[in-house]
Amino acid sequence: MKKEVLISSLVDAGICHLDEVRGVTPEEVARLEANIGKSLPSEYREFLSGVGRGAGRFLNGTDIFFAALDGLREDAIQLLRENEEDASLPDDAFVFSMHQGYEFTYFKISDGDDPPVYQYVEGNGSPSLAWNSFNDFLVDAIAQNSRLGAS
């Protein structure tokens, strides 16, 4: 999803105001990619450049924004160990979010520009396919956040 479409979707859904949208610079994305030694999928780079530092109440309570990314993979591995799961993360898994310490999501960098998203929820067994693409994850997150704001 192009960053302009993402931002307008969030504003139109009443999740944020335009002045609350904060993206990440191309230089910051390049440093992140250098740190992990891999290029990130283009759809994820769009997310970072559009709302990578936050957008109002979008995904509040979830460690998904740029400042929280460092260490999420290690936290996810630790969560799997704590729960004595047999599963391990693929070598090219990029953990992009963790919610309240019991749930995380990731994609495999090798799965293309709009990769499927896998999710682990404590107590539900091994990580499994949750969304067919990163864009599907975003559409679902926008819909969920929109409903939360309406209640």
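Me: Axes are lines fitted to C-alpha atoms, for helices over the stretch in contact, and angles run from 0 to 180 degrees between N-to-C directions. At roughly what angle do the axes of helix α1 and helix α3 cross?

Reply: This is a predicted model: local features need pLDDT of at least 70, side-chain atom pairs count only at pLDDT 80 or more, and totals for chains, interfaces and linings use all residues. Residues are numbered from 1 along each chain as its sequence is written, and side-chain values use heavy atoms, with hydrogens and water left out. Helices (H or I, at least four residues) and strands (E, at least two) are DSSP runs, numbered from the N terminus. The axes of α1 (residues 3–12) and α3 (residues 42–51) come within 8 Å, and their crossing angle is roughly 55°.

Me: Which word describes how α1 and α3 lie to each other?

Reply: Angles under 35 degrees count as roughly parallel, over 145 as roughly antiparallel, 65 to 115 as roughly perpendicular, and the rest as oblique. The axes cross at roughly 55°. Therefore α1 and α3 are oblique.

Me: Is the crossing of α1 and α3 left-handed or right-handed?

Reply: A crossing is left-handed if the near helix is turned anticlockwise from the far one by less than a right angle, and right-handed if clockwise. The crossing of α1 and α3 is right-handed.

Me: Which residues of α1 and α3 make the contact?

Reply: Contact means heavy atoms within 4.5 Å. On the α1 side, the residues are Lys3, Leu6, Ile7 and Leu10. On the α3 side, they are Glu46, Phe47, Ser49, Gly50 and Val51.

Me: How do the residues of the contact of α1 with α3 divide?

Reply: Ala, Val, Leu, Ile, Met, Phe, Trp, Tyr, Cys and Pro count as nonpolar, Asp, Glu, Lys and Arg as charged, and the others, Gly among them, as polar. The residues of this contact divide into five nonpolar, two polar and two charged.

Me: Is Thr105 buried or exposed?

Reply: Thr105 sits in strand β5 (residues 103–108). Buried means under 20% relative accessible area, exposed over 50%, and partly exposed in between (1.4 Å probe, protein chains only). Thr105 has a relative accessible area of 1%, so it is buried.

Me: What is the length of the polar contact between the side chains of Thr105 and Ser97?

Reply: A polar contact is a pair of N or O atoms within 3.5 Å; within protein, one must be able to donate a hydrogen and the other to accept it, and residues adjacent in sequence count only if both atoms are side-chain atoms. Not counting residues up to four places away in sequence, Thr105 touches Ser97, and its other contacts include Val117 and Trp131. The side chains of Thr105 and Ser97 are joined by a polar contact of 2.3 Å.

Me: Which residue has the backbone nitrogen that the side chain of Ser133 reaches at 3.0 Å?

Reply: Ser133 is in the loop between β7 (128–131) and α5 (134–150). Its relative accessibility is 9%, so Ser133 is buried. At 3.0 Å, its side chain reaches the backbone nitrogen of Asp136.

Me: How far apart are the C-alpha atoms of Met98 and Leu69?

Reply: Met98 belongs to strand β4 (residues 93–99). Its relative accessible area is 6%, so Met98 is buried. Met98 and Leu69 are 29 residues apart along the chain, and their C-alpha atoms are separated by 9.1 Å.

Me: Which residue has a backbone oxygen 3.3 Å from a polar atom of the side chain of His99?

Reply: His99 is in strand β4. Leaving aside residues up to four places away in sequence, His99 touches Gly61 and Thr62. The backbone oxygen 3.3 Å from a polar side-chain atom of His99 is that of Gly61.

Me: Phi of Gln100 is near what value?

Reply: Gln100 is in the loop between β4 and β5. Gln100 is exposed because its relative accessible area is 55%. Phi is positive here, in a residue other than glycine, with a value near 55°.

Me: How far apart in space are Leu80 and Phe66, C-alpha to C-alpha?

Reply: Leu80 lies in helix α4 (residues 72–82). At 3% relative accessibility, Leu80 is buried. Leu80 and Phe66 are 14 residues apart in sequence, and their C-alpha to C-alpha separation is 23 Å.

Me: What separates the C-alpha atoms of Ile77 and Leu89?

Reply: Ile77 is also in helix α4. Its relative accessible area is 25%, so Ile77 is partly exposed. Ile77 and Leu89 are twelve residues apart along the chain, and the separation of their C-alpha atoms is 7.2 Å.
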